[in-house]
Amino acid sequence: MKNDPRLDWISEYVQGRADAEVTARLEQALREDPEFRALFLDYLSVDGALSAHAAYRPLPEADSSLGRAAHRQPSRPLPTPVWKGLAWAASIAVAGVIAWSAARERSPFARVHGSAGTDLNAGMPVRSERYCFEKGSVEFVTSKGARVVVEAPAEVRFESAECLRVFRGKVAADVPEGARGFTVLTPAGGAVDLGTRFGVDVPESGSPEVHVFEGEVIAQAKSATQKRSLRTGEATVFKSGVSESREIRSASFIQHDEVPELAAGLAAGQRAKSEAKLRSLRADPALVAALDFEEGEAFAGVYRMAQGRWPGSKAPEFVNQGDHLKVSAGEGREFTQLTLAAWVRIDRLGEPFQSLYHTDGWGPSSPGQVHWMITKATTMRLALYGNTQAPSSIDSVSPVLPERGRWVHLATVYDSSVGRMRFYLNGRFDNETRSAVSWPAKLGQAQIGNWNRHDRKLSGRVDELILLGRAMSDAEVWELFEAGNPYR
């Protein structure tokens, strides 16, 4: 039906512009073609969901008791001829609404399918309760089959099996054909699925965003009159009543296949192992910095704090061009050997470079300044000012970023005494490069994320950044990864 002119009739009707002739044609088509009737109802569902959201006013906190049904209003009355043409269905619809209202109190909208670090147990029925949790991730499966993952800190409520309201938090939805039309509402706009995988981010401060990983979504800002179609790889942010384009951030969202691996890692005691390994590193005389971002120093910069690898932990999140975090380590000292390691959850963005750790003062007056980054080919690079390297192979070999975003461990080991750099991905050796001229690494004031506004930015999260003033062995890098791995 892609080029079917009848689709224009639906569009005119939905926008309230259908004249008598178009209405008559629409009525006849609805009578004669069952497939077209189904398509028409799908469009009404999308329009109704967004219009209901536009009309929504949050209930006072005292009135938002658990179990309260969502109030919805139709987007507009049916034109009289169409209403008459469908009058035969009215009595059935009324009876259906009554039956649905009764069944609504008995049948859950969704069930908890699994969780990592929350108090919600698999199989738990979900109706119109308002869920607020500060740590972990939980996967819901609606009665229609949509899989919805919510990551803390979050506050959500199912309005029905077809609609989730997000007050804050990150939500990733995987919607099969049978659940087509699943809707996510935010304080500033709504998103209606048309058969897709998508994410919605409602930060505690800032504007809600919609990201389409695959398929199509209809998005609309709360006070806007125009709806917007988003397709694979597109994203929008709701600002000041309008929907603005932005780069997609797929790594910001935990997907449904990730939740059981995170739960298994917690059950296997991985968090305790990671914390024990971090304690041992803090006791290492060669340690320059171990940044886990949990407590203590508040770092200057522009960034958000999000959940780290563990439920309730913290990690800086870099969202927009210019986001960065300032750190100071090494106090201007030089290191013949240096190991850099970090857990990252980063998008396939940032041409030509994503800045993991960039010291200030890059230039001929200060050779040995360190720039650790991910290239547009999603390989690692460690650059020191003044070093000369063979142009044929200066980076890691394997792509270091997964397609849909997951936590990955990156490490680089540098030894200026022999002009050698070694790269590791998830604990495994990847590549070695050599420099004809190798300056000692010089540390001091540095930034994570944006280093300049032209070609150095970061999109994602960084957790547990380690700077060690010696060269870790292959076995030590593997042990660091194995102890800190959140998955099993």
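Modeller: A polar contact is a pair of N or O atoms within 3.5 Å; within protein, one atom must be able to donate a hydrogen and the other to accept it, and residues adjacent in sequence count only if both atoms are side-chain atoms. The model discussed here is predicted, so local features need pLDDT of at least 70 and side-chain atom pairs pLDDT 80 or more, whereas totals for chains, interfaces and linings use all residues. Residues are numbered from 1 along each chain as its sequence is written, and side-chain values use heavy atoms, without hydrogens and water.

Biologist: What makes the pairing of E317 and S252 a polar contact?

Modeller: The side chains of E317 and S252 are joined at 3.3 Å, which is within the 3.5 Å limit. A polar contact of 3.2 Å also joins the side chains of E317 and K170.

Biologist: Why is E317 called buried?

Modeller: The relative accessibility of E317 is 2%. Buried means under 20% relative accessible area, exposed over 50%, and partly exposed in between, with a 1.4 Å probe and protein chains only; E317 therefore counts as buried.

Biologist: Where is E317 found, and which residues is it in contact with, leaving aside neighbours within four places in sequence?

Modeller: E317 is in strand β18, residues 314-318 (strands are DSSP E runs of at least two residues, helices H or I runs of at least four, numbered from the N terminus). Its contacts (heavy atoms within 4.5 Å) include R249, Y303, R304, A306, G460 and R461.

Biologist: Why are α7 and α8 called oblique to each other?

Modeller: Helix α7 (residues 270-282) and helix α8 (residues 474-484) pack at about 140 degrees, with axes 7 Å apart. Axes are lines fitted to C-alpha atoms, for helices over the stretch in contact, and angles run from 0 to 180 degrees between N-to-C directions. Angles under 35 degrees count as roughly parallel, over 145 as roughly antiparallel, 65 to 115 as roughly perpendicular and the rest as oblique; α7 and α8 are therefore oblique. Among the residues making the contact are K273 and K277 of α7 and E479 and E482 of α8.

Biologist: How do you know whether T378 and N426 are buried or partly exposed?

Modeller: T378, in the loop between β22 and β23, has a relative accessible area of 6% and is therefore buried. N426, in the loop between β26 and β27, has 25% and is therefore partly exposed.
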